[in-house]
Amino acid sequence: MDTPLNSTLPPRKERLLETAVTYFKFGFTTFGGPAAHVSMLHEEVVTRRKWISNEQFTELFAICQALPGPSSTELAYSVSLVRSGFLCACLAFLLWSIPGGIVMTVVGILIANLKGGIPEWATRLEQGLSSAAIGLVALAAYRMSTTLATDKLTRILALVSGGVSALYTAPWLLPVIMVSGGIISFVYDAHLVPFLVGKRLAKERRKEEQKQLKDLEQGHGQGQGQTVEEATEEGAHEQSTGSSQKGEITSVHGSIRHRASSDQESVKDWEAVVDVNDEELNEERLPYTYSKKLGLVFLTIFLALLITSILVRALVPTQEKVSYGQLFATFYFVGSIIIGGGPVIIPLLKNYIVDTHWMTDQQFLIGLALIQSIPGPNFNFAAFVGAVAMVNSGLSGVVGAILCFIAIFAPGILLKNAVIPFWQFLREKPAVKMVFRGVNACALGLVFSAVWLLWVQTEHFGGNTGYHNVIACAAFVASGYLDIPAPLVIVVGGGGMGAIEYGLRYA
């Protein structure tokens with residue numbers, strides 16, 4: 001299944017090594033939530049390594065936002081899939097999420113029967129990390145805007161998308177925004193622009209015809225006033241120039257023959273250059289591609305597992321002591337219906353896990369606070385919940401964590417595998433390009449709104465607002481203008497300055 005349709009990819013070992021080198025640090029530095037994860041990924045794979053273009057990155061991001069599952073994790077998986085294939089994409093996913101998943105599993109097992117809250121120092125540290133992440137998200141939004149919002153239409157769509165998503169957070173809103181943006185840009189580019197251009201050209205054509213008619217009328221009047229002497233002089237001038245024109249024709253034909261022979265030589269040279277360019281082109285790294293039939297297979301697997309999970313939840317009675325099958329079915333179902341990323345998972349899991357008494361409110365809140373303070377996707381919270389629920393039921397917390405981890409991520413990855421070949425096939429079509437122009441602009445607006453939403457989330461826990469502003473601005477400048485790597489900015493800058501805030505406040 002990892003055999004590409006093109007033969008330009010390096011050997012599998014080289015691709016695996018490249019993926020490991022690129023993604024290893026993300027598992028330990030992706031603090032700040034999905035928006036910060038997207039900005040760090042953009043910095044690494046678009047700005048630094050140039051794996052994909054800005055437009056391709058934004059299109060993948062928009063698709064991830066419209067599909068259920070963890071958007072930033074799906075984006076990280078998709079970039080590696082398009083770059084190097086399925087095996088490398090799975091490795092990228094594990095490097096991206098496993099470190100945080102292990103931490104959540106261990107903590108979940110340890111605090112299954114523990115009561116208590118998160119210490120103050122951890123809250124301040126998390127605020128420092130989140131403040132640095134805000135600066136990186138703002139930087140990514142600015143960089144993306146230079147290529148995605150280049151005209152009035154895309155700027156207006158980005159502005160409206162950012163404003164609406166900052167004010168309203170309904171799960172269904174994100175896909176609606178991007179679909180609407182795609183429809184608007186298609187109607188504008190395919191119908192409104194040709195109509196307006198046609199009207200302008202018709203108006204210019206009428207003006208040109210009127211001008212030509214006016215010139216003809218003036219010329220006719222001047223011709224009638226021409227004297228006989230002027231006409232005679234004009235005829236004599238034509239006779240005197242006839243012989244010279246014949247000589248010019250001969251010389252012109254000679255020059256044409258000369259140019260023909262030289263053109264043949266230049267054509268040979270041009271063909272040699274073309275051959276060299278073609279050879280260089282064949283050596284370039286083309287994207288990994290696979291058939292649309294395989295995409296449909298992934299879609300079938302997704303639907304089969306979804307139907308099975310629905311049947312298990314409907315037929316197996318809910319009890320305080322949960323089984324492995326119930327737990328897997330519940331988390332696969334949740335992963336299949338979550339649109340909007342990590343924040344949306346919290347109320348759904350509280351409804352399905354806490355209200356069924358698989359874990360206590362206190363345990364749930366401790367895990368919720370912890371997931372905000374460690375690197376990795378918010379969906380790693382599922383590993384914590386699985387560990388606690390299984391320990392509370394007298395079963396293995398490790399097995400419960402692994403099952404929940406797989407179940408929560410599987411739907412989004414399966415759907416992404418199903419969509420990618422169709423995206424690669426359709427994205428070069430003119431009509432699809434028109435649609436993606438609006439979709440990308442709306443996705444850009446979502447990145448801008450994430451700056452505000454992250455800020456609100458960070459300041460919810462108090463602390464020094466001005467100090468957090470300084471951290472965000474310092475991160476923006478350090479990564480954007482001093483070329484300091486984003487992971488270093490997050491860990492050293494954000495974490496260090498968060499620790500300083502705690503030290504100054506409680507010293």
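Residues are numbered from 1 along each chain as its sequence is written, and side-chain values use heavy atoms, with hydrogens and water left out. In this predicted model, local features need pLDDT of at least 70 and side-chain atom pairs count only at pLDDT 80 or more, while totals for chains, interfaces and linings use all residues.

Salt bridges were assigned where a side-chain nitrogen of Lys or Arg lies within 4 Å of a carboxyl oxygen of Asp or Glu. The count by this rule is 7 salt bridges. One of them joins the side chains of Lys 25 and Glu 44, at 3.4 Å from N to O. This pair links distant parts of the chain, 19 residues apart: Lys 25 is in the loop between α1 (12–23) and α2 (26–29), and Glu 44 is in helix α3 (residues 34–48). Helices here are DSSP runs (H or I, at least four residues), numbered from the N terminus. Burial is expressed through relative accessible area: buried means under 20%, exposed over 50%, and partly exposed in between (1.4 Å probe, protein chains only). Glu 44 is classed as buried because its relative accessibility is 3%, whereas Lys 25 is partly exposed, with a relative accessible area of 21%.

Glu 44 also forms a salt bridge with Arg 48, with the closest N and O atoms 3.1 Å apart. Both Arg 48 and Glu 44 belong to helix α3, where they are 4 residues apart, about one turn of the helix. Lys 25, Glu 44, Arg 48 and Arg 49 are linked in a network of salt bridges.

A further salt bridge connects Arg 437 and Asp 189, whose closest N and O atoms are 2.8 Å apart. Here too, distant parts of the chain are linked, as Arg 437 is in helix α17 (residues 430–459) and Asp 189 in helix α9, 248 residues apart. Arg 437 is partly exposed, at 25% relative accessibility, and Asp 189 is buried, with a relative accessible area of 17%.

A disulfide is a covalent bond between the sulfur atoms of two cysteines. With the criterion of a pair of cysteine sulfur atoms within 2.5 Å, the structure holds 0 disulfides. Cys 64 is buried, at 1% relative accessibility, and Cys 442 is likewise classed as buried because its relative accessible area is 3%.

Surface patches were built from residues with over 30% relative accessible area and no salt bridge, joining like charges within 9 Å and nonpolar side chains (Val, Leu, Ile, Met, Phe, Trp, Tyr) within 5 Å. Accessible areas come from the Shrake-Rupley method with a 1.4 Å probe, and for residues only the protein chains shown count as cover. Lys and Arg count as positive and Asp and Glu as negative, while His and the chain ends are not counted. The place of a charge is taken as NZ of Lys, CZ of Arg, CG of Asp or CD of Glu. A patch of positive charge on the surface gathers Lys 203, Arg 205, Arg 206 and Lys 207. Of these residues, Arg 206 lies in helix α9 (residues 173–224) and is partly exposed, with a relative accessible area of 49%.

A nonpolar surface patch is formed by Leu 296, Leu 299, Leu 303, Ile 307, Leu 311, Leu 315 and Val 316, which together have about 630 Å² of accessible area. Val 316 is placed in the loop between α11 (292–315) and α12 (324–337), and is partly exposed at a relative accessible area of 34%.

Most residues other than glycine have a negative phi. Lys 50, although not a glycine, has a positive phi of about 55°. Lys 50 is found in the loop between α3 and α4 (54–66) and is exposed, with a relative accessible area of 61%. His 357, also a residue other than glycine, has a positive phi near 65°. His 357 is located in the loop between α13 (342–354) and α14 (361–371), where its relative accessible area of 53% makes it exposed.

Two long-range pairs were also examined. Ile 184 and Val 439 are 255 residues apart in sequence, and their C-alpha atoms are 9.2 Å apart in space. Ile 184 is found in helix α9 and is partly exposed, at 40% relative accessibility. Gly 101 and Phe 405 are separated by 304 residues in sequence and by 7.6 Å in space, C-alpha to C-alpha. Gly 101 lies in helix α6 (residues 86–110) and is buried, with a relative accessible area of 5%.

Terms used:
Helices (H or I, at least four residues) and strands (E, at least two) are DSSP runs, numbered from the N terminus.
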